[in-house]
Structures are given as structure tokens and as C-alpha cells.
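Me: I'm new to this structure and would like a close look at a single part of it. Could you pick one, then work outward from there?

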Amino acid sequence: MHDAARGLLFAAKGNKSSDFYSYNIPDSSWDSLRAIPLGLEAKLPRQGACGTSDGSGYLYMAKGNNTLGFWRYAIATDSWLQLANVPAGAHRKVKAGSAVYVQIGDSGYVYLLKG
């Protein structure tokens with residue numbers, strides 16, 4: 001995930017790890033950030049985890065790992081908030097997927113494809 005305004009890249013370690021980092025492009029340096037919480041799904045990111053940035057200070061993440069967990073990370077406060085679950089659709093949880101943020105007028109939308 002990329003926040004161009006701040007010159008930062010964000011990365012989750014994945015593979016059942018709560019580790020979360022930012023990479024400062026101008027300074028070529030890494031920082032450890034607040035760990036990704038277990039949340040209601042009681043699982044950490046794994047296969048299928050994906051995320052996107054809104055370019056305005058928030059990141060959005062689906063944990064994958066056969067869950068429906070959907071999260072928002074606030075860059076300014078280094079904090080996580082669990083949002084409403086990803087819709088199950090045909091009773092399928094997120095095992096693989098991708099996410100993108102789209103701004104249309106005054107409204108922003110996160111589009112998530114799950115496989």
C-alpha cells in the first residue's frame with residue numbers, strides 16, 4: 001500500500017504474523033508500526049490478505065486467511081479499527097483477492113475482489 005502524500009509504503013509481513021511496517025521512500029528507512037489485531041475473526045493476515053490506501057491518511061485491509069475481516073488503519077494515530085465484515089456473497093470467505101480505492105466526486109469507495 002502506498003501513501004504518496006507522505007512518501008510512505010506500508011507492508012504487512014503476512015503468513016500469520018501481526019507485524020506491520022512503513023517504508024520511508026525519501027529516507028530509505030523502515031519503521032515498525034502497531035501490530036495488526038486478531039479482531040473478531042481471531043486470525044492474522046495470511047493468504048489472500050490485500051489492502052489499499054485512500055491517499056488521505058487511511059489504509060484498508062482484508063485479512064484473507066479464510067475470514068471476512070475488514071480493517072482500517074489510521075496513519076496519523078498508528079491505530080487499527082475493525083469495520084463491518086466483507087459480505088459473504090455465495091458463502092465464501094476471503095482466501096485470495098485484491099483491493100483498490102476509487103474517489104468519485106466527494107465519495108470514496110473500496111472495491112474488493114475475493115477469490
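Reply: What follows starts with a pair of charged side chains and then moves on to the residues and loops beyond.

A bit of housekeeping first. This is a predicted model, with local features needing pLDDT of at least 70 and side-chain atom pairs counting only at pLDDT 80 or more, while totals for chains, interfaces and linings use all residues. Residues are numbered from 1 along each chain as its sequence is written, and side-chain values use heavy atoms, leaving out hydrogens and water.

Let's zoom in on K63. Side chains of opposite charge can pair when their charged atoms come close. K63 has such a partner in E41: the two form a salt bridge, with their closest N and O atoms 2.8 Å apart. (A salt bridge here is a side-chain nitrogen of Lys or Arg within 4 Å of a carboxyl oxygen of Asp or Glu.) K63 sits in the loop between strand 6 (58-62) and strand 7, while E41 is in the loop between strand 4 (29-32) and strand 5 (50-53), so this pair ties together parts that are 22 residues apart in sequence. Strands, by the way, are DSSP runs of E with at least two residues, numbered from the N terminus. Both K63 and E41 are buried. (Buried means under 20% relative accessible area, exposed means over 50%, and partly exposed is in between, with a 1.4 Å probe and protein chains only.)

How many salt bridges turn up in a search of the whole structure? Two. One of them joins the side chains of D19 and K13, at 3.5 Å from N to O. D19 counts as partly exposed because its relative accessibility is 27%, and K13 counts as exposed at 56%.

A62 lies in strand 6, and it counts as buried because its relative accessibility is 2%. What does A62 touch, not counting residues up to four places away in sequence? G48, A49, C50, G69, F70 and L112. (Contact means heavy atoms within 4.5 Å.) G105 is another story: A62 and G105 are 43 residues apart in sequence and 25 Å apart in space, C-alpha to C-alpha.

One of those contacts, F70, is our next stop. F70 lies in strand 7, and at 16% relative accessibility it counts as buried. Leaving aside neighbours within four places in sequence, F70 has contacts that include Y60, M61 and A62, as well as L81, Q82, L83 and A84. V86 and V110 are also among them.

Follow the chain past strand 7 and you get to I75, in the loop between strand 7 (70-74) and strand 8 (79-82). Is I75 buried or exposed? Buried, because its relative accessible area is 13%. Beyond four places in sequence, I75 is in contact with D3, R6, F10, G57, Y58 and L59. I75 and L33 are 42 residues apart along the chain, and their C-alpha atoms are separated by 9.4 Å.

D78 lies in that loop between strand 7 and strand 8 too. D78 counts as partly exposed, at 23% relative accessibility. Its phi is positive, about 50°, although D78 is not a glycine. K16 also has a positive phi in a residue other than glycine, near 65°. K16 is in the loop between strand 2 (8-12) and strand 3 (20-24).

K16 leads us to the surface, where it gathers with K43, R46 and K93 in a patch of positive charge. Patches are made of residues with over 30% relative accessible area and no salt bridge, joining like charges within 9 Å and nonpolar side chains (Val, Leu, Ile, Met, Phe, Trp, Tyr) within 5 Å. V100, I104, Y109 and Y111 make a nonpolar surface patch of about 380 Å². Strand 9 (97-104) and strand 10 (107-114) are the elements giving two or more residues to that nonpolar patch. V100, in strand 9, is partly exposed, with a relative accessible area of 41%.

Methods. Accessible areas come from the Shrake-Rupley method with a 1.4 Å probe; for residues, only the protein chains shown count as cover. Lys and Arg count as positive and Asp and Glu as negative; His and the chain ends are not counted. The place of a charge is taken as NZ of Lys, CZ of Arg, CG of Asp or CD of Glu. Helices (H or I, at least four residues) and strands (E, at least two) are DSSP runs, numbered from the N terminus.
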